[in-house]
Amino acid sequence: MKQHSALGKLLRYCKRHLFALACVLILSIAGVFLTVYATTYLQQLTDYIGAAAMKAQDGHPMSEIMDMAVIAQLGFTLLGMYLGAAACTYVQAFLMTGINQKIALRLRSDIAAKISRLPMRYFDSHATGDTLSRVTNDVDTVAQSMNASIATALTAGVQIVIVVVMMFTTNWQMTLTAFATVPLSLLVLFLVVRVSQKYFRRQQKELGALNGNAEEYYSALELLRACNAEERAVRTFEAQNEKLRNAMYRANVLSGILHPLTTFISKLGYVAICVVGGVLMAGGGTSLGELAAFLIYINLFQSPLSQLGQVANQFQQASAAAGRVFEVLEETEEPAEKAAAEIDLQSVRGDVEFRHVRFGYDPEKPVIRDFSAKVKAGQKVAIVGPTGAGKTTLVNLLMRFYECGGEILIDGVNTKEMTRENVRELFSMVLQDAWVFEGTLKENIVYCKENVDEQKLVEAVKAAGIYQLVHTLPQGGDTIIHDEALSGGQKQLITIARAMVDDAPMLILDEATSNVDTRTEQLIQRAMDQLTEGRTSFVIAHRLSTIKNADLILVLDHGDIVEQGTHEELLAKQGFYYELYHAQFAA
Amino acid sequence: MFRLFRYLRGREIAMFAALLVFLVAQIFCDVTMPTYTAEIVAKMQQGADAASILLTGGIMLAFAAGSIAATIAESILSARISTRLGRRLRGEVFAHVVNFSDKDAGSFSTGSLLTRTTNDVQQVVSAMVLGLRLGVGAPLMAAMAIIRIAQTSGELTLVTGVAVVILLAGIMAILMIVLPRFKRIQKLTDRLNGTMRDTLTGIRVVRAYNAEDFQRGRFERASRDFAKNNVFTGRVMAAMSPLMQLVYSGLTLAIYWLGCFIIVRDNDAAFFPEMFSFTQLAAQVVTAFMVLVMLFNLLPRAQVSAKRILEVLNKQSDILDPASPQMYACDGSIVFEDAAVGYGGKPVLSGLTFRVEAGQTLAVVGGTGVGKTTLLKLILRFLDAEQGSVRIGGRDVREITQKDLRASLGYAPQKSVLLSGTIRQNLAFADPTLSDETLSEAAKIACADEFIAEKGGLSAEVAQGGRNFSGGQKQRLSIARAVAKKPKIVLFDDSFSALDFATDARVRRNLSEQLPDVTKVIVAQRISTVRDADVIVVLDGGTAVGVGTHETLLKTCNVYREIAQSQLSEEELAV
């Protein structure tokens, strides 16, 4: 059921290529027709030569019986038909390639667009690798095999019909003989495919297991060495390796038997036709030309049959891939929004208020229970608390990555009445996991901000402390950087520079300095203090020393604010914060 | 690629010899069959009876059966050989990887190692077996078919030759146009994947910066370039199949046509049945050459895979056990004497001199990238000192086996890795014989007992990569694993960073109270974590700029004081 629906959806993508597809269909029918019909001329040629050979038995010289002009005429006709068939096949394949790639392109575009509209929840609950493989591998499989298999199936179907018609018009007795072997070859095909599929699935399963096994060990090499566990790992791997070998062997043997078996059956049909044809010929029921044509027809009949077998296999893979692609395309999107209110980037003050905010990723398990707090414009707010207290969740809600119960107000405007885009442009954000993409250093810092002048860029680079780094890179700011080439600290500094260039009225720093050593942190801290000056900023930090100068400290535990106030006030209280603060110095 | 042949064992070579015998038999059958076609046609022409035709048909079928039986035998043998070889190569690659030295492991990404272990091996093995089978079979087939044709007619041999030349020239031309583009495909695929991966891994940032359209634009560009390249190669490659079809049909026609000339010229009507068998033989010749071309197409890809496999197999660890290792009874001491280490000639750390006695705590502090982890690697002998000496437990690490050395060390790496299985398996990773009691004790020391109980005890499942545990929990399990084996020396590489301060302090208190005789080495960023250490080594600029206790270092070491000041308040510094 699922496969059919995936096919139906894919057909929708074919709609705009209807004209090209019609051409493809016509061309493939024309090509098949020419190929099949050419056989009748070959039949005439054979009959002509055969008849001549018969006459020659009376002792006439061949040169008198055989008119080379007749042969040349037939020969040129055939040549023309072959050329025509080749041209049809090529143009059809040419068009099909274009259609395939255009459909793949559109699928990829649609997925990319979809990814912009999916809620954050989707990304937090799906593995990146999985989504990635849907966008690339699966789309590719769909484009390559889905259409190819549909096209092949169509052509093969057309060919079978035309050949059958031609066979019946040529000689019905021999046609029935030829068909006698069809059920046999179908039976073999069916049996072997069914059995081998089981083994191919097992092979894929064992391969997956082996991959998982190796991946785990490969990412724990240090640990293996430190624990003297190399030999044990090899033993575990070898056990799985042997299972894979076994499954592969069985699958290979079965598929290795299939092909010769079907060949044998077709040979069987071949001989049967020769015998029946011979008997008929003796009674004058057929001619040598007809027999020769028939031998070609059998080939033309059997090759699309075995093609259909392969296509069925390909089609299954492709529709599984299409299913995965459409799963992404049909995920629930973030609800469309209409802005009931808008905050202008230029005139925003930066008052933020949380009113009875409630939230849980799983509605059963609330992470934030009842959170209320008022932040005045320009304040530096620190959010502290033990791991799992809901600090990052609060940021998720503030940025509207997730929708919460209760209200969050900016300058008195409920953020739910604004567009998400509007909310997000009010904030710059630096996260614990520093993210850089493959592109030049400059692209990474400027990012999607438009009209950034050089002066501002240099200032940000200097303030973030990567001026030095820029100059050690081979092509300076135009050096292509990527994830693996930089240290965690360097990446973090780049993202900080990015936030500085972005220059939004409010700021969120979620453990922004945890990957940076403490001396660099000091440098950044200074830059940050500059950046937070006059802006409402939210800072989440492990090291409490870094947030001592915050205007407001919110102490979170189990999703509730347990305390709030300044550093001194909270210490004087001798409560939860006091304990937290002193724990870090305890021996 | 041929260097990988040495991984074939005697039995496989014997199987291969058997395969070749079957191959020759199969080809003999295939090439003989058309002769009987000619005979049947001749018999029909003469109006022979059904029984006679049936007899010839029966003989032909017997040859077909022979060919099929031989093919099946070949398939079974080649499946045997290829799966055995595949298994061996995978095993070899895996064993090499797990025995990589630290330096070698760093030069490959996990993903690339995985590809080498599975895909690359598969590519190479199938190319090797297919290559041997077809590489021998196709030329043999062509040769035998041509000989049969040549026996009767030189002219038809020539026509067949011309067809082969046309076919090869056409295929070559197609490949010449397409090959450079094929090479680009990999790059474009990487770019396509890369931009999408960037978007997915940075989705929070993308959203925060309203950069959805920016990311989409990058992806669209990559996607269009990818499609453009694919359209081009696809369209050129599309010529392949009509070309083959045309050559094939054209050759049949040419044989008929030329056959007529020969019949007329030689006045030989008996040549007519021969023509039938020639069309089939000629088809076999053409097919054989097509197979060869396909093979040559397959080889470069396999070559690349083989190179990638050999890259792994040729790595030889430079960390070697001594020829005659000393007995080792670890006394828990650590002594560095002017030790220095570097990567590729560039010194990373030098001038390391310090000493820690059994039961003491050694702390290593310093900025990112100054070589704190490198120092631990010297202790573990993941790296060898290029100068000076590293003496662990009373012996120079180069005098004892790596196994003995590491058996005495417990190690919690910077990245807390958990393996799928149970908590028990993870904690007892260094020594599967450890009792549950010992493991529970270790868990208690690491403050991991509470959440282990919550998850359902030591038998609780650990998902791949430890996904069902938080960062802090993983770290505590990693600490528990390091102490469970009751090592003489235990090393923590920034293992407390994900713990909140209270838990951090509790774990450290447990360590000093419960494991008083165990030497502890702690790499940390937090001054609070290291201030009570007996020896603190401060790394900066590739060397130890300070060695001493918290108090002395505050007075004598500028770098240490700076770090401390950034984290502690004045009054705390005064303590």
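How many residues of chain B are in contact with chain A, and how many of chain A with chain B? The legends below start there. The model is predicted.

**View 1. The side of chain B that touches chain A.** In this predicted model, 119 residues of chain B are in contact with 120 residues of chain A. Helix H2 of chain B, residues 50-98, gives the most to this side, with 25 residues. By class, the side of chain B that touches chain A holds 60 nonpolar residues, 38 polar ones and 21 charged ones.

**View 2. Two domains of chain B.** Domain 1 of chain B covers 2-313. Domain 2 of chain B covers 334-574. Their centres, taken over C-alpha atoms, are separated by 56 Å.

**View 3. An open, mixed sheet in chain A.** Six strands of chain A line up in the order E6-E9-E10-E3-E11-E12. The sheet is open and its pairing is mixed. Strand E6 (427-430) and strand E12 (560-565) of chain A stand at the edges. Each has a single partner strand, so one side of each has no neighbour in the sheet. On average, neighbouring strands of this sheet are turned by 15° against each other, direction ignored.

View 4. E6(A) pairs with strand E9 of chain A, residues 506-510. The sense is parallel, and the pairing runs over four bridges. A:Ser428 has A:Leu507 in E9(A) as its bridge partner. Helix H11 of chain A, residues 391-398, packs on the sheet. H11 touches strand E3 (380-384), E9, strand E10 (536-540) and strand E11 (552-557) of chain A. The direction of H11 makes about 150° with that of E10(A).

**View 5. Strand E4 of chain A between two pairings.** Strand E1 (residues 352-359) and strand E4 (residues 405-410) of chain A pair in the antiparallel sense, over five bridges. Here A:Arg358 stands opposite A:Gly405 in E4(A). E4(A) also runs antiparallel to strand E5 of chain A, residues 413-414, joined by two bridges. A:Leu409 of this pairing stands opposite A:Asn414 in E5(A). The hairpin of E4(A) and E5(A) has two residues between the strands. In this hairpin, A:Asp411 takes a positive phi near 50°.

View 6. Strand E4 (residues 387-392) and strand E5 (residues 395-396) of chain B run antiparallel. Two bridges join them. B:Ile392 stands opposite B:Arg395 in E5(B). Two residues lie between the strands of the hairpin, and B:Gly393 takes a positive phi near 60°.

**View 7. A:Tyr447, a loop residue with positive phi.** A:Tyr447 is found in the loop between helix H13 (441-446) and helix H14 (454-463) of chain A. Its phi is near 55°, a positive value in a residue other than glycine. Is A:Tyr447 buried or exposed? A:Tyr447 is buried, because 22 other C-beta atoms lie within 10 Å and the cut-off is 20 or more.

**View 8. B:Asp494, a loop residue of chain B.** B:Asp494 lies in the loop between strand E9 (489-493) and helix H16 (501-514) of chain B. The residue is not a glycine, yet its phi is positive, near 55°. B:Asp494 counts as buried, with 22 C-beta neighbours inside 10 Å.

Methods. Residues are numbered from 1 along each chain as its sequence is written. Chains are lettered from A and ligands numbered from 1 in the order in which they are written. This is a predicted model: local features need pLDDT of at least 70, side-chain atom pairs count only at pLDDT 80 or more; totals for chains, interfaces and linings use all residues. Two strands pair if DSSP finds at least two bridges between them. Axes are lines fitted to C-alpha atoms, for helices over the stretch in contact, and angles run from 0 to 180 degrees between N-to-C directions. Two residues are in contact if their C-beta atoms, placed from the backbone, lie within 7 Å. A residue is buried if 20 or more other C-beta atoms lie within 10 Å of its own, exposed if 12 or fewer, and partly exposed in between; C-beta atoms are placed from the backbone. Domain bounds come from an automatic or database domain assignment. Ala, Val, Leu, Ile, Met, Phe, Trp, Tyr, Cys and Pro count as nonpolar, Asp, Glu, Lys and Arg as charged, and the others, Gly among them, as polar.
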